[in-house]
Amino acid sequence: MERRFFDLKIDVEVPGRWYLSDPTNPSGEEIDDIWRFTDGRPVEAHERMRFPLFKPGKPTDIEFAGAGQTPVVSARVASVFREMAPDEVQLFPVEVEGEVGPYYVLNVMQTRRCIDDTACEEARLWTPEDGRPELVGGYHVVSGLRLDTSKVGDARVFRLWGWHPPIIVDEALKDALERVGIVGGRFDAV
């Protein structure tokens with residue numbers, strides 16, 4: 001049976017949900033390279049991070065914070081990733097403004113080169129003509145995302161080579177997150 005995969009996204013339909021800003025250090029200074037948690041590789045985080053509220057509201061179990069889209073998860077979501085994909089993610093304890101309960105930055109440590117260009121609605125790579133030489137070869141546009149699952153291997157959770165925004169989870173991980181009652185995330189089949 002072919003494995004199924006899902007793009008774990010923010011659920012903007014949660015009424016009155018909160019939104020978090022980019023992380024700072026505990027004294028409120030900006031953190032360098034807020035995008036490092038979306039690159040699909042291991043990172044080192046030496047100082048504790050704090051996430052101020054951008055828009056107060058109902059706490060969620062997953063949020064993609066600020067311009068850097070840093071994944072922040074609750075303890076119950078972190079426990080699912082710890083149990084089911086311990087070698088595929090890093091979890092860094094963080095403070096969230098106004099919250100006592102533990103939260104974590106979720107860093108997905110691997111990428112897979114598995115976008116099915118022909119099955120997507122659109123998949124276009126950066127070219128030299130685009131005038132952004134540092135991006136040539138990566139994806140410029142991906143819509144209607146579809147994967148070639150034969151190229152995924154045994155990964156449970158990963159980012160996509162050349163197109164880092166999505167966090168892709170397999171069906172077993174999706175089901176486990178739904179069983180704990182995840183609030184704030186949604187799953188789109190890819």
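**Notebook: helices, strands and selected residues**

I began at the end of helix H2: this helix is followed by Gly-181, whose phi is positive, near 80°. Helices (H or I, at least four residues) and strands (E, at least two) are taken here as DSSP runs, numbered from the N terminus.

I noted the basis of the work before going further. The model is predicted, so local features need pLDDT of at least 70 and side-chain atom pairs count only at pLDDT 80 or more, while totals for chains, interfaces and linings use all residues. Residues are numbered from 1 along each chain as its sequence is written, and side-chain values use heavy atoms, with hydrogens and water left out.

**Entry: the whole chain**

I looked up the elements and found two helices and 14 strands in the protein chain. I then checked the radius of gyration, which is taken over C-alpha atoms; the globule rule is 2.2 Å times the number of residues to the power 0.38. For 190 residues the rule gives a value near 16 Å for a compact globule, and the 17 Å of the protein chain agrees with this. The C-alpha atoms fill a box of roughly 45 × 45 × 30 Å along the principal axes.

I recorded that 45% of the 190 residues count as buried. Buried means under 20% relative accessible area, exposed over 50%, and partly exposed in between (1.4 Å probe, protein chains only). I looked next at contacts, meaning heavy atoms within 4.5 Å. Among contacts between residues at least 6 apart in sequence, 68% join residues at least 24 apart.

I counted charges with Lys and Arg as positive and Asp and Glu as negative, leaving out His and the chain ends. The place of a charge is NZ of Lys, CZ of Arg, CG of Asp or CD of Glu. The protein chain has 23 positive and 34 negative side chains, and the centres of the two sets lie 3 Å apart.

I returned to H2, residues 171-179, where Leu-173, Lys-174, Ala-176 and Leu-177 are buried. They cover an arc of only 165° around the axis, which puts them on the same side of H2. The arc is that of the directions from the helix axis to the C-beta atoms. I asked what covers the buried residues of H2. The cover includes helix H1 (75-84) and the strands E1 (5-10), E12 (157-160), E13 (163-170) and E14 (185-189).

In H1, I found Val-77, Ala-78, Val-80, Phe-81 and Met-84 buried. Their arc around the axis is only 155°, which places them on the same side of H1.

**Entry: residues in strands**

I looked up Asp-7, which is placed in strand E1. Asp-7 is buried, with a relative accessible area of 8%. Leaving aside neighbours within four places in sequence, Asp-7 is in contact with residues including Pro-166, Ile-167, Arg-186 and Phe-187.

Ala-65 belongs to strand E5 and is buried at 0% relative accessibility. Beyond residues up to four places away in sequence, Ala-65 touches Leu-20, Ser-21, Asp-22, Phe-51, Thr-70 and Val-72.

Ser-74 sits in strand E6 and is buried, with a relative accessible area of 6%. With neighbours within four places in sequence set aside, the contacts of Ser-74 are Asp-61, Pro-102, Tyr-103 and Tyr-104.

Leu-125 lies in strand E10 (residues 122-125). Leu-125 and Arg-179 are 54 residues apart in sequence and 37 Å apart in space, C-alpha to C-alpha.

**Entry: residues in loops**

I found Gln-69 in the loop between strand E5 (62-65) and strand E6 (70-74). Phi of Gln-69 is near 55°, a positive value in a residue other than glycine. In general, most residues other than glycine have a negative phi. Gln-69 counts as partly exposed at 39% relative accessibility.

Last, I looked up Pro-42, in the loop between strand E2 (19-20) and strand E3 (49-51). Pro-42 counts as exposed at 52% relative accessibility. Not counting residues up to four places away in sequence, Pro-42 touches Gln-90, Asn-107 and Met-109.
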